[in-house]
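Here is a short tour of a two-chain model, written for someone who likes to check geometry against the coordinates. Have the viewer open as you read.

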Amino acid sequence: MADVKAISLFIRPEFENPAVETAVVGDIERRLSMWERISNMDPVRKFTVLVTLVVAWELYTRIGGINELMFPTFTKTFIALVDALMNAGLLTNIWNSLSLLVTGYVIGISIAAVLVVLGVWTRFGSDLLTTLTAMLNPLPAIALLPLAMIWFGLGNQAVIFTLLHSIIWPVALNTHAGFQGVSETMRMVGRNYGLKGLPYIVKILIPAAFPSILTGLRIGWAFAWRTLIAAELVFGGQVMDTSGQLGSEGSNAGGLGWIIFQNQMENQTPYVFAGLFTVIIVGIVIENGLFRNVEDRTIRKWGMQQS
Amino acid sequence: MSDKAIDIYVRPEFEVGALKDATNVDVERQLSLVERISNINAVRKMSILLGLVVLWQGYTMIVQPEPLLFPSFFASAEVLWETILSGEMFEKVWISLYVLLLGYAAGLAIAAIFLVLAVSTRIGSDFLSTMTAMFQPLPAISLLPLAMLWFGLGIPSLVFVTIHSVLWAVALSTHVGFMGVSETLRMVGRNYGLRSIPYILKILVPAAFPAILIGLKIGWAFAWRTLIGAELVFGAAAGKGGLGWMIFEKGDNLDTEYVFAALFMVILVGLVVENVIFRNIELNTINKWGMQR
């Protein structure tokens, strides 16, 4: 306490502000203008984006004078789509693709189920499953198509074989990982009820691991759809080379990929675009219609996933 | 009120006088050698792999299928070794990887541009979600015929389809990740006065990194599949190609050992990318940051 410093405090003089206006309550609740309200609707905005894209496409092709073989106008594409649906039997092609896909999907899921059940029951099964999935999951299924064609010939078996390969591994991998993540509490509940074997899997493991099973099914579908289209494209080349039997002129034997390939070979570019549109629509219907519904009715209803 | 007498049986107290010493309780027993070895994960998996190889070799030796249809393991391995020594295999792998990297990098760049737009404006966000909803279900490979029409036969078409397969998967996953970034983190960023690109790089990207990484992985998986598929389709036309083309060409010539060798290589590349590259990125980012256990 040697030197005491004097501290000077500045004290602000008191004052009164004479000129405060009376408080006016501002525009607290204002109705949005019509324009704002409309542009706040999500579907409207997205639809506008779509329409703008279409208009831009149409204008670009018309004003730019693009060669129709390279890039047809939207109207041409649309007419081609309607024509293909009405006259050229596009629906048959969609059905061909989808039935092949569903066949492969069902068989693939059954095989995956058997593998996963083995994986749950025995340690050997689990090891086998992890080794096989680690090895075969990174292998694009389409790479097996040449082998499949050697083994099964040109035809649906070869395509289904490749489809199986594209479905089994993602589904098995995700399901197995999901099963392993099921909490010990749930397992004990199951054991408490005396569940064993299949009832244990069906009643405890599958509901508990359903989010990852669904992810597996979705990835499996995405890979299978891509593989199928690719396989039909490759097949296109093969068949053109050899017999011309599958999907030859006038018949509707091939699937969507084949349609795209064939029309491209014949320089029917509007029909190629129509085929692409159909592929997009089928994809959207399956992803948003089917999987979205399954999700809503299971994991969202059960409260396993929000929003 | 009924007055029933309730009989309660009360067990008489007793003491056991003669507890024997606990003997033959094998609390801590050395596991036998077989048990200890079979508890090592790597050993079990290696033996499964060996078992599969033996099965394959045994099948081809005993049943003796036509080697053109199903070659033995040793024949395939020998061809693999041979092509690796002669450098042919690496050349093919390099061609495939080169196209893949080109497409992947370009796809990421375009996705980044879209995402910057989507983060900064509402119309950009609408545009991105409409485009991803439309193009995500479209298999990239189905654009190949168009790409061949526009860019001719060659690397540009392959790069185009690869871009398409990467772009939407990455953009979708990243966009969803960005939208899920918590308001708290956003406010921290705004508090620091971060805007536009620094805001995205310093706040959104680290916070949404798990989703971005998933997008990158799915993008890679789609790109790899698309590229191999595209090279198969190209097989009919182009002269020089990567692994997919090798599979196609050798399959057509019934050189099945070469097909198997190329398949081995495809698996190997896939394993390296997934388990070495992505695994390391994961360990050094989201695992290190404690976003994933």
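Let's start in chain B of this predicted model. Helix 3 (residues 73–86) of chain B packs against helix 4 (residues 88–120) of chain B at an angle of about 80 degrees, and their axes are 4 Å apart. Because angles of 65 to 115 degrees count as roughly perpendicular, helix 3 of chain B is roughly perpendicular to helix 4 of chain B. On the helix 3 side of chain B, the contact is made by Thr83(B), Ile84(B) and Ser86(B), while helix 4 of chain B brings Glu88(B), Met89(B) and Phe90(B). Sorted by class, this contact between helix 3 and helix 4 of chain B has three nonpolar, two polar and one charged residues.

**Where the chains meet**

Next, the interface: 39 residues of chain A are in contact with 39 residues of chain B. Which elements of chain A give two or more residues to the side that touches chain B? They are helix 2 (42–63), helix 5 (123–136), helix 6 (145–152), helix 10 (210–241), helix 11 (256–265) and helix 12 (269–300) of chain A. By class, that side of chain A has 28 nonpolar, six polar and five charged residues.

**Confidence**

The model scores ipTM 0.77 and pTM 0.80. The per-chain picture looks like this:

| Chain | Mean pLDDT | Residues with pLDDT of at least 70 |
|---|---|---|
| Chain A | 83 | 91% |
| Chain B | 85 | 95% |

Among the elements of chain A, helix 10 of chain A has the lowest mean pLDDT, 80, and helix 8 (residues 184–192) of chain A the highest, 91. In chain B, confidence is lowest in helix 11 of chain B, with a mean of 82, and highest in helix 8 (residues 183–191) of chain B, at 91. Where pLDDT is low, the predicted coordinates should not be read in detail.

One is Asn267(A), with a phi of about 60 degrees, in the loop between helix 11 and helix 12 of chain A. Asn267(A) is exposed, because it has 12 other C-beta atoms within 10 Å. The other is Leu254(B), whose phi is also positive, at about 60 degrees; Leu254(B) lies in the loop between helix 11 (243–252) and helix 12 of chain B. Leu254(B) has 13 C-beta neighbours inside 10 Å, so it counts as partly exposed.

Helix 12 (residues 256–287) of chain B bends by about 30 degrees at Arg279(B). The buried residues of helix 12 of chain B include Thr256(B), Glu257(B), Tyr258(B), Val266(B) and Gly270(B).

**A closer look at Ala158(A)**

Finally, is Ala158(A) buried or exposed? This residue of helix 7 (residues 156–180) of chain A counts as buried, because it has 22 C-beta neighbours inside 10 Å. Leaving aside neighbours within four places in sequence, Ala158(A) is in contact with Leu145(A), Ala148(A), Met149(A), Phe152(A) and Gly153(A). The C-alpha atoms of Ala158(A) and Leu147(A) are separated by 8.6 Å, with the two residues eleven apart along the chain.

Note on methods. Residues numbered from 1 in each chain as written. Chains lettered and ligands numbered in written order. Predicted model: local features only at pLDDT ≥ 70, side-chain atom pairs only at ≥ 80, totals over all residues. Axes fitted to C-alpha atoms, helices over the stretch in contact; angles between N-to-C directions. Parallel < 35°, antiparallel > 145°, perpendicular 65-115°, else oblique. Contact = placed C-beta atoms within 7 Å. Nonpolar A, V, L, I, M, F, W, Y, C, P; charged D, E, K, R; others polar. pLDDT = per-residue confidence, 0-100. Bend = angle between axes of the 7 residues up to and from the residue. Buried ≥ 20, exposed ≤ 12 C-beta atoms within 10 Å, placed from the backbone.
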